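I opened this notebook to keep track of what I looked up, entry by entry.

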Amino acid sequence: MGHPVHLVIDGQQHDLIVDARTTLLDALRDHLGNMSPKKGCDHGQCGACTVLVDGRRLNSCLLLAVSLDGAEVLTSEGLAPDGELSDLHQAFLEQDAFQCGYCTPGQICSAAGMLREAADGRPSVVTEDTDPGGPVELTEDEIRERMSGNLCRCGAYVNIVAAVQQAAAAQPGTGEAGR
Amino acid sequence: MALVLTHEDALRLADTEDGELAILQDEGIGFRGQYLGAVLAETPETARHGADLVEITTDVAPHDAHFRHDHPQVREAEGGADDVETGDVEAALAAAEIVVDQRYSTPLEHNNPMEPHTTIARWDGEELTLWTSTQGVHPARQALAPILGIEPEQLRIISPHVGGGFGSKGVPHADMMLTALAARAVPGRTVKYAVSRQHMFAITGYRPATSQHFRIGAGPDGTITAFVLEAVSSSSHTKEFPEEAIKPSRQMYAGEHRRITQRLLPLDIAVPSWMRAPGEASGMVGLEMVMDELAEACGLDPIELRARNEPVLDPDTGLPFNQRRLLDCLREGAERFGWAERDPRPRARREGGWLIGTGVASATYPASRQPGSQARIRLTAGSYEVGIGAADLGTGTWTALTQVAADALEVDPEQITLQIGDTSLPNATVAGGSTGLASWGTAVMAAAQTFRREHGRAPSDGAESTGEAEENPAEEELAMHSYGAHFAQVSVQETTGEIRVDRMLGMFSAGRIINPRTARSQFLGGMTMGVGMALHEKGELDPRFGHVVNHDLAEYHVPVNADIRSLEVHWLDEEDPQAGPLGARGIGEIGIVGAAAAIANAAHHATGVRVRDLPLFGSDFLPR
């Protein structure tokens, strides 16, 4: 049985009829052919399907498409409109922050969301001051902690941290490196 | 539409010898998680719901899923490595002034590439096409076609990109066969099947458990006189696979009296297979930990102990070594790491509630080239099309082979159009055993030479030549291995036992490094997986049912970003003319080999506690 849902995906309006059991991830991949988010576990454990939903980074495999009527969804592909790479994409390339690339779209979306969270002054478990009252300085420890929801089995973490640092430095304080 | 496929209606296979791949052929069940049927539907939601509705009736037969080294059914592996037996080890052990007698173990470890195994299949008449993710399209075709009862030419496999493999996509597993059988039930239609992350733990191979019993006798100066290793690995009744933990011990260190044996224990559990550096990764856990214990027993620096047991000829084959630079790696790595400042006493360094220690371990991996890869070069509209059925698992094949072709043809890389990952291209050997680039690159270089010889510097459009990689004759005359050294610093929290790897340094000797950027990434990735091996990864086998209980990424832990702090990679600047025209030995696996032992040795140095069963848990370091 189908349910109508309206989504804005990477800036494009979409009206879909989906099964109530269809996740946002499956809606993106199987219904809309947007192969940018990846299914690594389908249980919110690996982060490969991370997208930005109304600006927040979320695991798209844990969201039911029918519950997102009207939402704005950005995938890694949408962060590079017309193929124009964002600072984050460019930094991942320059720092060799991936091998097989399967986790990369999720890492990019997660990094974009994370930069915004840090800019908004939201602390992580390694932030010394639980109420920073301003942008959190993105030390290596901060980046590692905040990127730990995105697994990379190829083991590119060292380079991912360098890439996120590079992107953060490109647009200091704005947290807008993803866009 | 829904269709249920079982052993009652699935295609009869032409060859059922391979118990892993011969699925849906009879009522027998080899292990929990084995495919008993499939549900086909128009949508994944319907198919999944349909599978939930299927009821299966089973009879329980006696079964055994408990791995232990002293099990009465421990036996030699079929076609496994020969035993080593030289001299009189028992007499030498009895005469030795220092004896270290210890047992080490490694658990089930699961490859878990981020991309789960997925196959799309379609039969057109008697021809089958598989779009899949594999480390070798041609080897997969060679394995599957005879079982399906078709000629290799009737099976096309396409796999241009692979989302990580680490061995789990090295041979085709039952998921590929299941998809082929399911598609056979709906001829002309396309069937897609993605293995769930949970099911990967049962279907797509894993590193079996090992138990390694070392007895080493030495003189007070550390010279090894007797060396005994009895290794046992877990296996499956459904299909045999030995994890040959003895491999590195055969050639690493000198010793006159030696006994080295590999056995396995078949159980009613899932089928194990390759996982990054099978044999070496597990075997160097025991060997490099026992060497650390021997160094301690002799009062020697662990690097000096290794230097004193450096063999002149390969103890395994008696052949001279090719470019064995283990000691260069250990010494240069030590200097970069700051090893000289180390206080050798355990538990000597304490900072803010953390005990801090450092450890070292050697690394090794065989260097070999697989014969039989072929490459085709064709000039099309000013571009050199280079075709070979090679695979890129994130290892950089697309980049490195383009580079090799450009160098060999003496043109810009922009003029090369590489084609890989398709059985319609010339034959390529598997991306495994760190042989990929050396094997395929040799074929590409041969094709390039032939192309220039046949068509000159100004070829006309459509000019075409092929080349093939042959066996490396040097492998008959020299013991060819890569070597390396891992250094690790760990901190162990005194009251909680929490263990962190503060920094690691890897120093490698691997011949010519073709692309420093992708090479560094391979070493980093291997070391990162080594951290997982040391601190996180363990498949918990339920002895009642024989399945892995923690079968997902929430409970089977792999390193996350916060687990990895400073990793440094260096290599010796060298070329290896004996390795072949590329001068390169493989690098995909050596990064993991020895990494876990370096961490375990560092943990011992930090705490004085020797943990001999991986992975190290915080509880291991708490008072008992």
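Which residues have the most contacts inside the largest nonpolar core? I noted Ala180(B), Ile388(B), Ala405(B), Val444(B) and Ile599(B), in a core of 239 residues. A nonpolar core here is a set of buried Ala, Val, Leu, Ile, Met, Phe, Trp, Tyr and Cys residues joined through C-beta atoms within 7 Å, and buried requires 20 or more other C-beta atoms within 10 Å of a residue's own, with C-beta atoms placed from the backbone.

I recorded that this is a predicted model, in which local features need pLDDT of at least 70 and side-chain atom pairs count only at pLDDT 80 or more, while totals for chains, interfaces and linings use all residues. Residues are numbered from 1 along each chain as its sequence is written, and chains are lettered from A and ligands numbered from 1 in the order in which they are written.

I next looked up Ile599(B), which, leaving aside neighbours within four places in sequence, is in contact (C-beta atoms within 7 Å) with residues including Val501(B), Val531(B) and Leu535(B).

S20(B), residues 499-509, runs parallel to S21(B) and is joined to S21(B) by 6 bridges (pairing takes at least two DSSP bridges), with Met507(B) opposite His570(B).

How values were computed. Helices (H or I, at least four residues) and strands (E, at least two) are DSSP runs, numbered from the N terminus. A residue is buried if 20 or more other C-beta atoms lie within 10 Å of its own, exposed if 12 or fewer, and partly exposed in between; C-beta atoms are placed from the backbone. Two residues are in contact if their C-beta atoms, placed from the backbone, lie within 7 Å.
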